[in-house]
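This report goes through a protein structure part by part. Please look over the sequence and the model before reading on.

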Amino acid sequence: MAANEEKQQSHRPGIYKQKNKGHKHGKHRTKGEIERENKGRVSVTALTKKQRKEQKRMDRRHKANQLRRNKKDMVLTEKRRLGSRDGPPHLVAVVSLHTGVDAGTVTKLLRGEGTGGVVHQERCISGVADSFGLLLPRFKQRFIFLSHSTADIHSLLDVAKIADSLVFVLDSTEGWDSYGDYCLSGLFAQGLPSHALVCQGLSDIPVKKKVESRRALSKITEIRFPDARLFPLDSEQDATLLLRHLGTQRQRKLGFRSRRSHLVAQQVTFTPNGPAEGTGGGPTGLGTLCVSGYVRGRPLQVDRLVHISGHGDFQLSQIDAPSDPLPLNLTTARPTKPGKGDVDMLDGVEDEAPVRVLMKADPSCRESLQAEAEVDPMDGEQTWPTETELLEAEEARKIKRVMKVPKGTSDYQASWIVDEDEENGEVDDESSEEDDDDDDMLDEAMDGEDEDNISQEPGSGCVSEEEEEEEEEVEELCSTERTGTDVRYDEHIDEAAEVEGLKRYREARANEMFPDEVDTPLDVAARIRFQRYRGLKSFRASPWDPMENLPLNYSRIFQFQSFERTRRRVLAEAAAEEEGAMVGWYVTLHIINVPFSVMESVQSGRPLMMVSLLPHEQKMSVMHLLVRRHPSNTEPIKSKEELVLHCGFRRFRASPIFSQHTSADKHKMERFLRPDAPTVVSVYAPITFPPAGVLLFKQRNDGVQDLVATGSLLSCDPQRVVLKRIVLSGHPFKINRRSAVVRYMFFNRDDIMWFKPVELRTKWGRRGHIKEALGTHGHMKCVFDNQMRSQDTVLMNLYKRVYPRWTYDPYVPLSLPWVKREATVEMDDLDME
């Protein structure tokens, strides 16, 4: 009986099941009203309900296990492919985080005979002297090691974007120094790949102190690497363990590089263009750059644009398939010298095979290098009115206009009389044509004058002759007591930089104490000085049209109807692509119209990184980056100041503006980068689809670039409204219950009447408005919602929309090594002691 009950299935309703109308709450139409409106019409019945096919419990469990097994197999396949015969070699970058540690000693142990590896190619990466290819027949893996210096922070960040694993070399006592911590901050901000910690010199420590020193070093590393393992590297056996760990550790997936095909150049050649190709060759002209390397990330297509880090975007002409210089099959390998494990680059290949052309670019399908929209200066001009405009003008002519004229004036005389509103409108139109940058410069100049007046300390007026003589005697005594250390200390101080720093500090302090407050000028009328500003009844609820009065630069950029929808579509298409040069192939890319400066960079010893761009990623738009101030930097960073930005694979210079990170439709501009809250950085830059890490650097006068902020890419939205606020302040002169006479906000009657519709507020929370002007010297009668106190201050908020400056420059100067500068300062301090 129980068995029959288990086999019996429950009833499931079909598609023709009766549907009863649900109960309607409140007022609704009666059946009679519905019948009278329909007038006998009957709607077509549609079979909308689908027959659901529910699986049994075991079937659902089997399906979940299959999906789990497929994902696991996919991850294992991707992991086993790296460094094997079917995938690219495992790219490992060795980075020293302490000035007293040499990364070259680590690479010497890794290429030793005791590891069982065979050095197959010296100087594997073009331009980098300390790089080699290592084959491990025992593990059936191949590696490419690159020992990179931390002096050039930009090259270090570029290498970390491409490398599969990073090996950090630590000091046995301190771990890393201040500059090493500075480098780690940038690496963590942009996305850290798989890594390993290595320490040398632990074998030299006495046995009794070895456990304590290792425990102390583990405490230091737990701050940055809580789950990382520390590998001692003092023998070839330790090097073998490190190689095994690098080959089998879990690979951390970075979103911005896994969605794009990329490679590091192992061989680079430059061929200048001929005279027939337009721009002549030579060391200053353009040419074709042939870059050879292993494809990583996604399949590489020849019709896509490529971006060379630090140099710009370029097109491909063709892709070749040369022979693999690092083959894993070593059956025919011959050592170059007896007793050494080095193998020549062409060993294992009997005859050099001819280069095979994989694909050539199709000019009709190849993406364009157009970064800016074509601007037609005559687009806004009108040569002849349309029929619609003629009809509108005819209708406007028929409408009678009522106008007050003197008694006895004829119709012909009245047509020559001009209204005051029309005159004011013409003046406003003429004044609104001024450039926004000029207004910003005027704002900065006026703010600077006010701050200079504020910065004058009280009591700095006349000084008596006796006090001057006493000061001169003190200065003479101080000058005689100066030693040589003071002179050497003064040599490192830049007086112009000190003055500029003091000015910025005072501006930031004034903005912190009195946010956005601006004094009304005495020599310029307020209605002219602040003619681009307007008042808002509510910053949250008042409307602001994002397409109103756009600057000329907005005609040069591109924008999406829905950036998020386009991003999902582009990334889905990139994930589904299975054509082109596959991952793990060794290819040669022919990049056309490349300047010779790229080859000079390779010849100077810097590695060359290349990435394939997704569709639309070469076009300019307004990009928004969400960043947070780095705790190591305390210098005031002003809005529209030139900064160096790392956004994904790109590196460029620009002058961004800062704004608050809110969910509203309007965002308040920040004059300085706030240290205690996330800030949105808006800048004109090429489109980049998130996710992508962001780093902001500021270049000092001595050439050193400091890390200012870190964050991530937020969105691409030219319609994001950023409003600059200014606050005009006034002082209550006479108070009578809810009304008060306010002065010092304006200085003439016309300005008061101009700003009369704008709402007032006070620092103590009162709200009010201007009732009337008193006299001609700027006194005005104001009414508030409650009793006003004598120590209160009357404020008026005015707003205008601001835009970033178009200063995009893809060429970033090299950052001078900060380590050397720090070392010289420390030596000076020692001499002074």
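Is Glu573 buried, partly exposed or exposed? Glu573 has a relative accessible area of 41%. Because buried means under 20% and exposed means over 50%, Glu573 counts as partly exposed.

## Overview

The model is a predicted one. The protein chain contains 21 helices and 30 strands. Its length is 833 residues, and 42% of them count as buried.

Among the contacts in the protein chain with a separation of 6 or more, 78% are between residues 24 or more positions apart. The chain exposes about 49,300 Å², and 50% of this area is supplied by carbon and sulfur atoms.

## Helix H19 and its surroundings

Helix H19 covers residues 596-603. Its buried residues are Phe596, Val598, Met599, Ser601 and Val602. They pack against four strands: S9 (267-272), S10 (286-294), S11 (306-308) and S14 (586-595). After H19 comes Gly605, which has a positive phi, near 105°.

## Aromatic pairs and clusters

The count of aromatic pairs comes to 19. In the pair of Phe270 and Phe596, the ring centres are 5.2 Å apart and the planes stand at 70°, so this pair is edge-to-face. Phe270 belongs to strand S9 and Phe596 to helix H19, so the pair ties together parts that are 326 residues apart in sequence. Both Phe270 and Phe596 are buried.

Another group of rings is the aromatic cluster formed by Phe168, Trp176, Phe188 and Phe225.

## Charges over rings

Arg534 lies over the face of Trp544, at 4.0 Å from the ring centre. Lys619 lies over the face of Phe558, and here the value is 5.1 Å from the ring centre.

## Salt bridges

Side chains of opposite charge can pair when their charged atoms come close. The structure holds 28 salt bridges. One of them joins Asp516 and Lys668, with the closest N and O atoms 3.1 Å apart. Asp516 is in the loop between helix H16 (495-513) and H17, while Lys668 is in strand S20 (residues 666-670), so the pair ties together parts that are 152 residues apart in sequence. Asp516 and Lys668 are both buried.

An α-helix has 3.6 residues a turn, so residues three or four places apart point the same way. Arg569 is partly exposed, with 40% relative accessibility, and Glu573 is partly exposed as well, at 41%.

## A link between strands, and a network

Which residue forms a salt bridge with Asp809? The partner is Arg653, and the closest N and O atoms of the pair are 2.5 Å apart. This pair links distant parts of the chain: Asp809 lies in strand S30 (residues 805-809) and Arg653 in strand S18 (residues 650-655), 156 residues apart. Asp809 has a relative accessible area of 22% and is partly exposed.

Salt bridges that share partners also join residues into a network, made up of Asp516, Lys668, Arg671 and Arg725.

Ile528 is found in helix H17 (residues 526-529). With a relative accessible area of 49%, Ile528 is partly exposed. Ile528 and Asp751 are 223 residues apart along the chain, and their C-alpha atoms are separated by 9.0 Å.

A nonpolar patch on the surface is formed by Leu522, Tyr744 and Phe747, which together have about 340 Å² of accessible area. Phe747 is located in the loop between strand S25 (739-743) and helix H20 (749-754). Its relative accessible area is 31%, and Phe747 counts as partly exposed.

Note on methods. Residues numbered from 1 in each chain as written. Predicted model: local features only at pLDDT ≥ 70, side-chain atom pairs only at ≥ 80, totals over all residues. Heavy atoms only, no water. Buried < 20%, exposed > 50% of the residue type's maximum accessible area, 1.4 Å probe, protein only. Helix = DSSP H or I, 4+ residues; strand = E, 2+ residues; numbered from the N terminus. Contact = heavy atoms within 4.5 Å. Phe/Tyr/Trp six-rings, centres within 6.5 Å; stacked < 30°, edge-to-face > 60°. Lys NZ or Arg CZ within 6 Å of the ring centre and 35° of its normal. Patch = residues over 30% accessible without salt bridge, like charges linked within 9 Å, V, L, I, M, F, W, Y side chains within 5 Å. Areas by Shrake-Rupley, 256 points an atom, 1.4 Å probe, with all protein chains shown as cover. Salt bridge = Lys/Arg side-chain N within 4 Å of Asp/Glu carboxyl O.
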